[in-house]
Protein chains: 2
Amino acid sequence: MDDVDRGLLALLQADATRTYADLGREIGLSAGATHERVRKLRAAGVIRRTTVDIDPAAVDLDVLAFVTVDSVAWIGDSGPAFAAITEIQEAHVVAGAASVLLKVRTTSTGALQDVLRRIHAIAGVSSTQATIALDTFFERPTPTGGTPAHDGTGPDER
Amino acid sequence: MDDVDRGLLALLQADATRTYADLGREIGLSAGATHERVRKLRAAGVIRRTTVDIDPAAVDLDVLAFVTVDSVAWIGDSGPAFAAITEIQEAHVVAGAASVLLKVRTTSTGALQDVLRRIHAIAGVSSTQATIALDTFFERPTPTGGTPAHDGTGPDER
DNA sequence: GACGTCGTCGAATCATATTCTGTATTCATT
DNA sequence: AATGAATACAGAATATGATTCGACGACGTC
């Protein structure tokens with residue numbers, strides 16, 4: 001992986017609908033060469049997926065909360081149990097007092113409460129602590145070290 | 001927005017490279033009708049962007065940390081200051097003891113320390129507490145209520 | 001019943017994705 | 001230094017998909 005690849009990744013993160021000709025003009029390659037590089041980045045798993053970023057409010061997901069989950073037993077194998085709760089967007093095993101940290105999106109605080117109830121039902125879970133996000137400064141893609149024409153700094157960046 | 005739109009969103013989250021004909025076959029519309037619906041979803045800002053999901057380890061971002069930031073003054077206007085630190089992927093204003101919660105990706109714990117130093121330099125910041133993620137169960141797109149053929153449950157879902 | 005609006009289909013046109021060939025460069029081997 | 005292999009690229013050709021538009025049906029209103 002070189003600077004050309006990093007540059008392509010950054011450009012594709014910014015807008016994955018661009019044509020290979022367009023990307024190639026900006027990065028200094030032909031459409032075919034660009035196509036081949038992107039194909040290899042996908043094959044190597046560097047690009048895991050092409051996806052669309054959706055405004056949560058547009059699908060009525062008005063509540064974002066971060067939940068720390070404490071346990072009385074090892075729950076390092078509980079990934080599938082957390083995954084079964086669709087409102088959980090991310091789940092990370094963390095060092096420290098809590099053992100799992102969750103990013104949860106729901107339509108209301110009542111729905112969040114229901115999610116907490118279902119988390120408690122997972123074997124080994126002793127307690128949860130939810131922190132509600134009042135506002136989001138920004139959510140942007142994983143930094144890659146490449147430099148797109150515009151660095152995404154928030155939801156208004158398209 | 002109806003169930004067809006939600007279904008399209010879910011399918012596009014799973015794989016935004018699918019053709020309109022392919023999407024249409026699954027959702028029960030022609031390619032043209034599917035194209036028109038997606039165009040409207042973009043125009044309405046429901047789809048904020050088409051992007052690629054990148055494996056952080058592939059770009060040497062081996063450390064993920066969640067940082068809570070306490071303040072002695074209002075830092076609700078400090079979004080741009082946080083955004084200027086490229087290693088910060090997300091920044092949320094939260095209720096509770098800490099006022100801002102950050103998702104940070106770095107190449108090493110040493111680099112994380114450097115990021116913490118730069119966060120401390122932001123006016124109003126009194127202290128930070130970093131929680132390092134030892135493992136990630138999954139990170140998946142914002143739930144939309146639609147049902148793709150496969151629900152993304154982790155990085156191996158392509 | 002007439003009319004207007006909206007969403008869709010199917011087809012035509014335009015644009016892009018994909019593949020392939022030839023060439024140049026780099027690297028390893030002799 | 002010469003040679004061969006591997007890699008990357010440009011350009012062109014072909015196949016496929018994106019986009020647009022006219023026609024039609026459903027629905028709501030008058």
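Helices (H or I, at least four residues) and strands (E, at least two) are DSSP runs, numbered from the N terminus. Keep that in mind for every stop below.

The model is predicted: local features need pLDDT of at least 70, side-chain atom pairs count only at pLDDT 80 or more, and totals for chains, interfaces and linings use all residues. Residues are numbered from 1 along each chain as its sequence is written, chains are lettered from A and ligands numbered from 1 in the order in which they are written, and side-chain values use heavy atoms, with hydrogens and water left out.

**Stop 1: B:A130**

Select B:A130. It is found in strand β5 (residues 125-139) of chain B. B:A130 has 33% relative accessibility, so it counts as partly exposed.

Now show its neighbours. A contact means heavy atoms within 4.5 Å. Leaving out residues up to four places away in sequence, B:A130 touches B:F66, B:V67 and B:L116. Then pick B:V104, 26 residues from B:A130 along the chain. The C-alpha atoms of B:A130 and B:V104 are separated by 9.4 Å.

**Stop 2: strand β3 of chain A**

Select residues 88-94 of chain A, which form strand β3. How many of its seven residues are buried? Seven of the seven are, and the strand is mostly covered.

Look at its partners next. Two strands pair if DSSP finds at least two bridges between them. Strand β4 (residues 100-106) of chain A is joined to β3(A) by five bridges, and the two run antiparallel. Click A:A91: its bridge partner in β4(A) is A:L102.

Now turn to chain B. β3(A) also pairs with β5(B) in the antiparallel sense, over five bridges. Here A:V94 stands opposite B:A133.

**Stop 3: the whole of chain A**

Zoom out to chain A. It has five helices and five strands. From the N terminus on, their order is α-α-α-β-β-α-β-β-α-β. Chain A has 158 residues, and 45% of them count as buried. Take the contacts in chain A with a separation of 6 or more: residues 24 or more positions apart account for 63% of them.

**Stop 4: helix α1 of chain A**

Select residues 3-14 of chain A, helix α1. The expected span of a helix is 1.5 Å times one less than its number of residues. The 12 residues of α1(A) should therefore span 16 Å, and the end C-alpha atoms are 17 Å apart, which agrees.

Which residues of α1(A) are buried? They are A:D5, A:G7, A:L8, A:L9, A:A10, A:L11, A:L12 and A:Q13. Their cover includes α2 (20-27), α3 and β1 (47-54) of chain A, together with β1 (47-54) of chain B.

Move to the start of the helix. There a side-chain oxygen of A:D2 reaches to within 3.2 Å of the backbone nitrogen of A:V4.

**Stop 5: A:R140**

Select A:R140, in the segment after β5 (125-139) of chain A. A:R140 is buried, because its relative accessible area is 8%. A polar atom of its side chain lies 2.8 Å from the backbone oxygen of B:I85. That is a polar contact: a pair of N or O atoms within 3.5 Å; within protein, one must be able to donate a hydrogen and the other to accept it, and residues adjacent in sequence count only if both atoms are side-chain atoms.

**Stop 6: DNA strand D**

Show DNA strand D. A residue is near a strand if one of its heavy atoms lies within 4 Å of it. Around DNA strand D you find A:G28, A:L29, A:S30, A:A33, A:R37, A:K40, B:T19, B:Y20 and B:H35. Of the atoms of DNA strand D that come within 4 Å of the protein, sugar and phosphate account for 89%. Helix α3 (residues 31-43) of chain A gives the most to this surface, with three residues.

Check the phosphate oxygens. One lies 2.3 Å from a backbone N or O atom of A:S30. Another stop is B:H35, where a side-chain N or O atom is 2.5 Å from a phosphate oxygen of DNA strand D.

**Stop 7: DNA strand C**

Finish at DNA strand C. Its surroundings are A:T19, A:Y20, A:H35, B:G28, B:L29, B:S30, B:A33, B:R37 and B:K40. Sugar and phosphate make up 88% of the atoms of DNA strand C within 4 Å of the protein. Select B:R37: a side-chain N or O atom lies 2.9 Å from a phosphate oxygen of DNA strand C.

Methods
Buried < 20%, exposed > 50% of the residue type's maximum accessible area, 1.4 Å probe, protein only.
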